[in-house]
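Subject: Handing over a structure

Dear colleague,

I am passing the structure below on to you, and I would be glad if you looked through it alongside the notes that follow it.

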Amino acid sequence: MININPTKQAIEFHNQKVSKVFDDTIKKGYIFREKTQKKLSTEFLYFLNKYKDELISAKPERLLEINKEFVKKWMSSHELKLIKSFFIQTGYENFPNKEFLNLLEIDTCVYCNRNYTLDFDKINNARAELDHWFPKESFPILALSFYNLIPSCHSCNHIKHNKAPAGGWENALVNINHPYLNDKTAMFAFSYSLTSIKQPRAIVKSTSEKAKRTIEFNKIDMIYEAQSNRELKDLLELRYKYSQNYLDILLNKTFSHELSISKEEAYRIIFGTEIKEEDYHKRPFSKFKKDIIDELLK
């Protein structure tokens with residue numbers, strides 16, 4: 001999983017767009033469904049007005065607390081259906097995902113780092129993929145919250161769907177990694193096992209139980225075992241088919257020394273990867289390749 005450091009531009013853009021949706025609805029007191037005005041309950045409008053700023057920009061821990069406050073409210077099934085429709089249909093489905101993602105400057109999936117975050121619909125329109133860390137079906141009032149919108153590829157966006165991690169969503173921030181909460185104690189690294197050069201297998205290593213639960217929940221180990229063999233095989237061939245120090249010669253002598261380019265540029269030219277953690281999102285498989293190369297250079 002890649003940690004997200006949001007840009008000021010993305011935060012301001014999101015705040016502007018969502019504030020307008022909230023303020024307009026509070027002022028009107030209704031939403032349109034099937035060309036008919038559907039009045040929202042006074043109790044909900046009071047709740048939205050009270051918590052609107054936090055619903056937009058609060059961190060995940062606080063969002064969970066606000067959701068608990070909302071759940072305590074007694075509302076009819078009809079009212080709850082309208083409220084859910086407001087956040088998801090009126091709000092999120094009209095939110096400019098692609099523009100937001102461009103401003104956020106996250107190019108690849110935060111969960112797997114193997115695919116870009118743009119997908120194409122049936123008529124070939126590019127659209128940004130955003131996953132709701134707290135699923136919008138179960139936590140509809142968080143459907144527009146900044147720290148609940150996670151840049152994702154199409155596959156990872158649908159892996160968990162509405163499935164909860166072990167311990168449930170109420171304890172998820174303790175049990176699995178959140179991309180906006182940079183938990184340095186829950187790290188993992190890619191490695192490999194090798195029966196032959198033609199049959200390498202990607203594996204994920206970690207001593208952190210939280211990282212292990214995150215890997216299992218997002219199926220990162222299964223994804224990489226199934227789809228990273230070509231990248232892994234290419235790196236291993238450079239190491240085992242040539243001299244033992246071939247990688248070192250490429251990186252530290254031929255490119256970095258003779259051509260006078262930086263280490264980052266050398267990795268980018270040779271392997272098509274980024275080596276700085278904050279840049280992993282720019283190219284698919286960056287963390288994977290960096291971890292494997294580091295192991296091969298030992």
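Two residues are in contact here when heavy atoms of theirs lie within 4.5 Å. This is a predicted model, in which local features need pLDDT of at least 70 and side-chain atom pairs count only at pLDDT 80 or more, while totals for chains, interfaces and linings use all residues. Residues are numbered from 1 along each chain as its sequence is written, and side-chain values use heavy atoms, with hydrogens and water left out.

Leaving aside its neighbours within four places in sequence, Leu 142 is in contact with Leu 55, Leu 63, His 132, Phe 134 and Asn 148. Leu 142 sits in the loop between strand S5 (130–132) and strand S6 (149–151), where helices (H or I, at least four residues) and strands (E, at least two) are DSSP runs numbered from the N terminus. Its relative accessibility is 0%, so Leu 142 counts as buried; buried means under 20% relative accessible area, exposed over 50%, and partly exposed in between, with a 1.4 Å probe and protein chains only. Between Leu 142 and Lys 84 there are 10.0 Å from C-alpha to C-alpha, although the two are 58 residues apart in sequence.

For the protein as a whole, there are 13 helices and eight strands, and buried residues make up 47% of the 298 residues. Among contacts between residues at least 6 apart in sequence, 67% join residues at least 24 apart.

Turning to a pair of helices, the axes of H1 (residues 8–28) and H2 (residues 42–57) come within 10 Å and cross at roughly 175 degrees, the axes being lines fitted to C-alpha atoms over the stretch in contact, with angles running from 0 to 180 degrees between N-to-C directions. H1 and H2 are therefore roughly antiparallel to each other, a label for angles over 145 degrees, whereas those under 35 count as roughly parallel, 65 to 115 as roughly perpendicular and the rest as oblique. Among the residues making this contact are His 14, Val 18 and Phe 22 of H1 and Leu 48, Leu 55 and Ile 56 of H2.

His 14, which belongs to helix H1, is buried, with a relative accessible area of 1%. Not counting residues up to four places away in sequence, His 14 touches Ile 56, Phe 95, Phe 100, Leu 144, Ser 145, Phe 146 and Leu 149.
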